[in-house]
Amino acid sequence: MADKKHPDNDAAGVPDDGTAAAGAGLPEESASAADGDAAASADGIEEDELTVQDILDAAEREVSEPTSEHLADLKRVTAEYANYRRRTEANRAIEKERVTGDIVKVLIPVLDDIYRAEKHGDLVPDSAFATIAAKLRASVERLGLTSFGTVGEPFDPTMHEAIFQQPSAAVDTETVGDVAETGYYLGSTLLRAAKVVVQVPSDG
């Protein structure tokens with residue numbers, strides 16, 4: 001008589017302890033969970049994806065609030081650039097002085113001729129020759145050329161070249177008595193020493 005208690009369940013081959021209903025819901029719940037995970041994964045991709053604005057915002061934050069490491073890099077790069085500029089400017093100044101010196105050296109023989117003409121009285125004031133000589137001297141002075149070597153100045157072996165010594169009771173120290181060839185500086189560079197006659201002290 002027991003096998004006739006639940007004829008419908010027996011015919012379907014389904015247990016009568018309620019597990020059938022519970023088991024029937026499992027596939028549906030698993031599908032819902034999978035859909036949720038996929039949605040969450042998709043949401044996560046969208047949230048983690050960088051946009052151009054995100055990059056710009058990060059760059060702005062870095063500029064406004066740089067890290068100590070980036071500050072150190074910035075200071076290093078700034079110092080290297082400052083050193084580079086100093087070296088470049090120094091090299092440019094040296095090269096400019098070298099080129100100017102090469103040009104001026106070509107003109108020094110002409111200046112020597114003008115000096116000799118003036119010394120012998122051939123450079124007549126207000127003459128055409130005197131005007132040209134004045135213009136040439138002014139031009140080379142603008143380039144940084146300065147002359148030295150005058151009678152009566154103290155003899156200095158670093159800038160004067162003694163071609164003759166002349167004893168003299170009129171001097172107490174070695175003094176330039178005559179200038180055979182004018183000396184020239186270009187800026188702080190000695191282009192040519194002045195060739196001079198040196199008066200040296202004499203007991204008699």
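**View 1. Lining of the largest pocket in the predicted model.** In this predicted model, strand E1 gives the largest share of the lining of the largest pocket, contributing 4 residues. The space in this largest pocket amounts to about 260 Å³. Its lining is made up of 14 residues, and those closest to the centre of the pocket are Tyr115, Arg137, Ser147, Thr182 and Tyr184. Two or more lining residues come from each of helix H4, helix H5 (128–142) and strand E1 (145–148). Sorted by class, the lining of the largest pocket holds 6 nonpolar, 5 polar and 3 charged residues.

View 2. When neighbours within four places in sequence are left aside, the contacts of Leu191 are Val104, Lys105, Ile108, Leu145, Tyr184, Tyr185 and Leu186. Tyr184, one of these contacts of Leu191, is also among the residues closest to the centre of the largest pocket. Although Leu191 and Asp102 are separated by 89 residues in sequence, their C-alpha atoms lie 10.0 Å apart in space.

**View 3. Salt bridge between Arg85 and Glu89 in helix H4.** The side chains of Arg85 and Glu89 form a salt bridge with an N to O distance of 3.5 Å. Both residues sit in helix H4 (residues 68–119), and because they are 4 residues apart there, about one helical turn separates Arg85 from Glu89. Arg85 is partly exposed at 43% relative accessibility, and Glu89 is likewise partly exposed, at 41%.

**View 4. Arg98 and its two salt-bridge partners, Glu95 and Asp102.** In the salt bridge between Glu95 and Arg98, the closest N and O atoms are 2.6 Å apart, and since these residues are 3 positions apart in helix H4, about one helical turn lies between Glu95 and Arg98. Arg98 also forms a salt bridge with Asp102, for which the closest N and O atoms are 3.1 Å apart; here the spacing is 4 residues in helix H4, so that about one helical turn again separates Arg98 from Asp102. Elsewhere, salt bridges with shared partners join Asp112, Glu181, Arg192 and Lys195 into one network. As for accessibility, Glu95 is partly exposed at 39%, Arg98 is partly exposed with a relative accessible area of 44%, and Asp102 is partly exposed with 39%. The count of salt bridges under the rule applied here comes to 10.

View 5. Strand E6 runs over residues 194–201, and because 6 of its 8 residues are buried, strand E6 is largely enclosed by the rest of the structure. With strand E2 (residues 160–168), strand E6 pairs in the parallel sense over 8 bridges, and Ser168 is found opposite Pro201 of E6. With strand E3 (residues 175–181), strand E6 pairs in the antiparallel sense over 5 bridges, and Val176 is found opposite Val198 of E6. In a regular strand, the side chains alternate between the two faces of the sheet.

Key:
Residues numbered from 1 in each chain as written. Predicted model: local features only at pLDDT ≥ 70, side-chain atom pairs only at ≥ 80, totals over all residues. Heavy atoms only, no water. Contact = heavy atoms within 4.5 Å. Salt bridge = Lys/Arg side-chain N within 4 Å of Asp/Glu carboxyl O. Buried < 20%, exposed > 50% of the residue type's maximum accessible area, 1.4 Å probe, protein only. Pairing = 2+ DSSP bridges. 1 Å grid on protein atoms, 1.4 Å probe; cavity = no way out; pocket = protein on both sides within 12 Å on 5 of 7 lines; lining within 4 Å. Points joined across faces, edges and corners; volume = space filled by probe spheres on them. Nonpolar A, V, L, I, M, F, W, Y, C, P; charged D, E, K, R; others polar.
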